[in-house]
Amino acid sequence: EFLNKKKNGDLFWEESYIAPIYGEDGTVQRFLAIKEDITERKRQEEALQKVNLQLEASVTELKRRDHESTLIGHMNDLLRACYSRTEAYRLIALSLREVFPNVSGFLAAPVPTGQAFEVVAEWGENLDSPEPFLADDCWALKRGHHHEAMSPTTGIHCRHFIRPPAGGYLCIPLVIRKTSLGLLHFIARPGERMEYSEVQLAISLSEAITLSLSNLSLHEALLEQAIRDPLTGLFNRRYLEETLGRELHRVQRGN
């Protein structure tokens, strides 16, 4: 099979069969050649190959989405088992390290005064976690929407870095009912940027994390109201009943 040219200059695909014709003395006397124009067949093969590539891409995309759904479901199951936000912060960092092996980042949460954010968990390598920073230092927190910078030299950059970022980064605010629960920050390797699929996965995970942190905050608030006297702030009898058995078991175990 090869490309040939017609008299008018048009190119076409040709398939040739060439066979020798032998004489009585066993030498080649002539050749028999059969040529066939296979341009249409080639077009059909190319079209079929395109369809196959599209199907492979669709299958790959479905597998990726299924994998992402599994990761989100697994993280949700673990977060539901947490009893405090401190425990959840540590678990979130471990989960994101597994999901994004080539991306570093940190999770920042509001300080008790509510005027600033501080890093409560981080993952990845070569990460310079910032000191406590104000919401105005981050475009995502100011806008209430994720903010992505493609590279260190382009785009509008946040001000919560110790030094300028070496790669592209993504900030996602964790906001529910106008209440800010934290900030997820992802940064790619030096000179690189996050893939589109990674950005979409990070946004999906942030929604699950926001809901889990909101539930934990509510749980902690209800627990605090249940075990403390609202007037004096002292622990009440319910706290004693919950704690005494655990403490007795601890001292017995420690002899």
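A: Helices (H or I, at least four residues) and strands (E, at least two) are DSSP runs, numbered from the N terminus. The model is a predicted one, in which local features need pLDDT of at least 70 and side-chain atom pairs count only at pLDDT 80 or more, while totals for chains, interfaces and linings use all residues. Residues are numbered from 1 along each chain as its sequence is written, and side-chain values use heavy atoms, with hydrogens and water left out.

Q: What makes Asp77 and Arg80 about one helical turn apart?
A: Both belong to helix α1 and are three residues apart, so about one turn separates Asp77 from Arg80.

Q: Why is the pairing of Asp77 with Arg80 called a salt bridge?
A: The term requires a side-chain nitrogen of Lys or Arg within 4 Å of a carboxyl oxygen of Asp or Glu. The closest N and O atoms of Asp77 and Arg80 are 2.4 Å apart, so the pair meets the definition.

Q: Why is Arg80 called exposed, and why is Asp77 called partly exposed?
A: Buried means under 20% relative accessible area, exposed over 50%, and partly exposed in between (1.4 Å probe, protein chains only). Arg80 has 60% and is therefore exposed; Asp77, with 45%, is therefore partly exposed. Elsewhere, salt bridges with shared partners join Glu1, Glu15, Arg41, Lys42 and Glu45 into one network.

Q: How do you know that Glu45 and Arg41 form a salt bridge?
A: Their N to O distance is 3.7 Å, and the definition therefore applies. Glu45 and Arg41 lie four residues apart in helix α1, about one turn of the helix. Glu45, at 41% relative accessibility, counts as partly exposed, as does Arg41 at 33%.

Q: What makes Arg43 and Glu40 a salt bridge, and where do they lie?
A: The closest N and O atoms of Arg43 and Glu40 are 3.6 Å apart. Both residues lie in helix α1 (residues 39-80), three residues apart. Arg43 is exposed at 53%, whereas Glu40 is partly exposed at 45%. The structure holds twelve salt bridges.

Q: How many helices and strands does the chain have, and why is the chain called more spread out than a compact globule?
A: The chain has five helices and eight strands. The radius of gyration is taken over C-alpha atoms, and the globule rule is 2.2 Å times the number of residues to the power 0.38. For 255 residues the rule gives 18 Å, whereas the chain has 32 Å, well over that value, so the chain is more spread out than a compact globule.
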